[in-house]
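Hello,

I am passing this structure on to you. Please have a look at it first; my notes follow below.

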Amino acid sequence: MHTLFKNITISHVATAVPDNILELNSFSSLYGESEVKKIISSTGISKVRIAPPHLTTADLCEAAFREIISKSNLDTKGIGALVFVSQTADHRLPQTSIILQDKLGLSRETACFDIPLGCSGYVYGLFQSAMLIASGIEKVALLAGDTSTRIINERDRSVSMVFGDAGTATILESGKSDMHISVRSDGSGRDKLIIPAGGCRMPSNLQTSKSREVEPGVFRSDDDLYMDGMAIMNFAISEVPLMISETLKTLDWKQEDVGCFALHQANAFMLNYLRKKMKISIEKVPISVDGFGNTGPASIPLMLCDKAAELSKNNQLEKVVMCGFGVGLSWGTASTDLSSTIFYKPINI
């Protein structure tokens, strides 16, 4: 699906991360020093942010939203919808978006939506938000993030040294810009990135919570996140360049016209591989994983907040192609002008 939304602007983007930092060298006693150094070198991640038990994804997104309110003249009365994108909701029910509507003091007329997506979630959230703007709503608050460290087994090195926690807030408004969005889904790859237990298909119980050695030195339970890293890598390598190429062709943009390709921040190795395959210059694919990790649906807005000053200085925000890819399998691009967007440096919570 390719959709062009007219007269829409991303006006504000903010990010909140836990102030608790996990140094990945601390895993040396668990995995061995040489193995840890190898993983850090390939992923480009030497430390990640870990939310303490009392801090949820909703709390981080709330803090990011309040950062925007405290530093802008945004009128929250104009916010007619709230979209919460996360795989780590506060509860199975009710929807976290509705809880946030109350906490943020938004009108009872606010339409609330939860989208339980991970690494592709920000693009899907932009898609939902853009449709709401197109329907006549003046402003939409898109809150996206994950506390993925809650759903991984620290003895599973395929994920424990990659994921971090973060929450973001994005405000979309009626404006003068256009936004082109394209999304794809392939449920045949649903088992490549999955938490098997916890839903109605396989309810959690004492058996699903038992950790076991699934391969030498790797432990997890059915209540933990499983990722087939090689399958996800192959999926991204196959689909992301193709989708970006199709997006540029649809928009009649040349690759050199694009100032920034804001890709999901999976890890440095994957981002560099994709950049080289697409023959994109290094400065056009910013990387912001070290110190944060893979933060799922928060990774694109977090990177933009972290790198905005530099990107703005180099006039790289007028034509931006954002691309998320991951769980589902699902992937998508969102292309727009971010040169007038106000980005806030990530705050620590």
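Predicted model: local features only at pLDDT ≥ 70, side-chain atom pairs only at ≥ 80, totals over all residues.

**What I found**

Start at histidine 12, which stands opposite isoleucine 171 in strand E8.

Isoleucine 342 in strand E17 stands opposite it.

Strand E2 covers residues 8-17. E2 runs antiparallel to E8 (residues 165-174), and eight bridges join the two. With E17 (residues 342-343), E2 pairs in the parallel sense over two bridges. Strand E18 (residues 347-348) also runs parallel to E2, again with two bridges. There, alanine 16 stands opposite isoleucine 347.

Is E2 buried or exposed? Ten of its ten residues are buried, so E2 is largely enclosed by the rest of the structure.

Next, the other sheet I looked at. Five strands form an open sheet in the order E1-E9-E16-E15-E14, with mixed pairing. E1 (2-5) and E14 (260-263) stand at the edges. Each has a single partner strand, so one side of each is left without a neighbour in the sheet. The twist averages 15° from one strand to the next.

Inside this sheet, E15 (residues 320-326) and E16 (residues 330-336) pair in the antiparallel sense over seven bridges. Cysteine 323 has threonine 333 in E16 as its bridge partner.

Which strands does helix H7 touch? H7 packs on the sheet and touches E1, E9, E14, E15 and E16. Its direction makes about 30° with that of E16. Helix H9 (residues 299-313) packs on the sheet too, touching E14 and E15. The direction of H9 makes about 155° with that of E14.

Now the cores. The largest nonpolar core has 84 residues. Among those with the most contacts inside it are Leu126, Phe261, Leu263 and Met322. H7 (residues 229-251) gives the largest share of this core, nine residues. Beyond its neighbours within four places in sequence, leucine 263 is in contact with residues including Ile244, Leu271, Ile300 and Cys323. A second, separate core has 25 residues, among them Ala14, Ala16, Cys61 and Leu82.

Last, a helix pair. H3 (residues 57-70) and H4 (residues 96-103) pack at an angle of about 40°, their axes 11 Å apart. That makes H3 oblique to H4. The crossing of H3 past H4 is right-handed. Ala58, Asp59, Glu62 and Arg66 in H3 meet Thr96, Leu100 and Lys103 in H4.

Best wishes

Technical notes
Residues numbered from 1 in each chain as written. Heavy atoms only, no water. Core = buried A, V, L, I, M, F, W, Y, C linked by side-chain atoms within 4.5 Å. Buried < 20%, exposed > 50% of the residue type's maximum accessible area, 1.4 Å probe, protein only. Helix = DSSP H or I, 4+ residues; strand = E, 2+ residues; numbered from the N terminus. Contact = heavy atoms within 4.5 Å. Pairing = 2+ DSSP bridges. Axes fitted to C-alpha atoms, helices over the stretch in contact; angles between N-to-C directions. Parallel < 35°, antiparallel > 145°, perpendicular 65-115°, else oblique. Left-handed = near helix turned anticlockwise from the far one by under 90°.
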